[in-house]
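Subject: Structure handover

Hi,

Here is the structure I promised to pass on. My notes on it follow below.

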Amino acid sequence: RTGYFFTNAVLGTLSSKLHERLRSRNEPADSFSNKLINSKIISGMIAEVALTHEQDYECIAEGKYRRPYDMYSRNRQNSPLYFGQQTAKFVNEAIGT
């Protein structure tokens with residue numbers, strides 16, 4: 001699950017960067033996509049996601065709320081066709097932002 005979202009973030013960022021490079025040769029050095037490439041920022045994002053997941057699992061174990069529906073094995077998110085479509089939608093939206 002985390003890998004899927006992280007992969008979408010990377011694909012969206014790279015697609016947006018490629019789109020902008022094809023449209024313009026002048027990209028500010030401090031642009032969001034250039035900052036995202038920095039390994040400290042990426043590792044910080046992964047750490048934040050891991051801590052969020054840990055907190056969610058603790059709350060689920062304590063009965064504060066139920067597991068998300070996509071944690072069960074029988075749902076449409078396990079279909080390669082479905083997550084391919086969702087990834088394509090995300091990348092198209094990322095290019096526009």
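A salt bridge here is a side-chain nitrogen of Lys or Arg within 4 Å of a carboxyl oxygen of Asp or Glu. By that criterion, the structure holds one. The partners are K64 and E62, whose side chains meet at 3.2 Å, N to O. Where do K64 and E62 sit, buried or exposed? K64 is exposed, at 58% relative accessibility. E62 is exposed too, with a relative accessible area of 54%.

Please keep in mind that this is a predicted model. The chain averages a pLDDT of 76. Of its residues, 74% score at least 70. Helix α2 (residues 32-36) has the lowest mean pLDDT of the elements, at 60. Helix α4 (residues 80-95) has the highest, at 84.

Overall fold

The chain has four helices and zero strands. From the N terminus the order is α-α-α-α. There are 97 residues, and buried ones make up 18% of them. The accessible surface comes to about 7,800 Å². Carbon and sulfur atoms account for 58% of that surface. I also looked at contacts between residues at least 6 apart in sequence. Of these, 48% join residues at least 24 apart.

Helix α4

This is the element with the highest mean pLDDT, so to speak of its geometry first: α4 has 16 residues, and at 1.5 Å a residue they should span 22 Å. The end C-alpha atoms of α4 are 22 Å apart, which agrees.

Which residues of α4 are buried? They are Y82, T87, V91 and A94. These four cover an arc of only 165° around the axis, which puts them on the same side of α4. On the other side, L81, N92 and E93 are exposed.

T87

T87 lies in helix α4. Its relative accessibility is 15%. Buried means under 20%, so T87 counts as buried. What does T87 touch, leaving out residues up to four places away in sequence? The answer is Y4, N8 and L11.

That is what I have so far. Over to you.

Best wishes

How values were computed
Residues numbered from 1 in each chain as written. Predicted model: local features only at pLDDT ≥ 70, side-chain atom pairs only at ≥ 80, totals over all residues. Heavy atoms only, no water. Helix = DSSP H or I, 4+ residues; strand = E, 2+ residues; numbered from the N terminus. Buried < 20%, exposed > 50% of the residue type's maximum accessible area, 1.4 Å probe, protein only. Contact = heavy atoms within 4.5 Å. Areas by Shrake-Rupley, 256 points an atom, 1.4 Å probe, with all protein chains shown as cover. pLDDT = per-residue confidence, 0-100. Expected span 1.5 Å × (residues − 1). Arc of directions from axis to C-beta.
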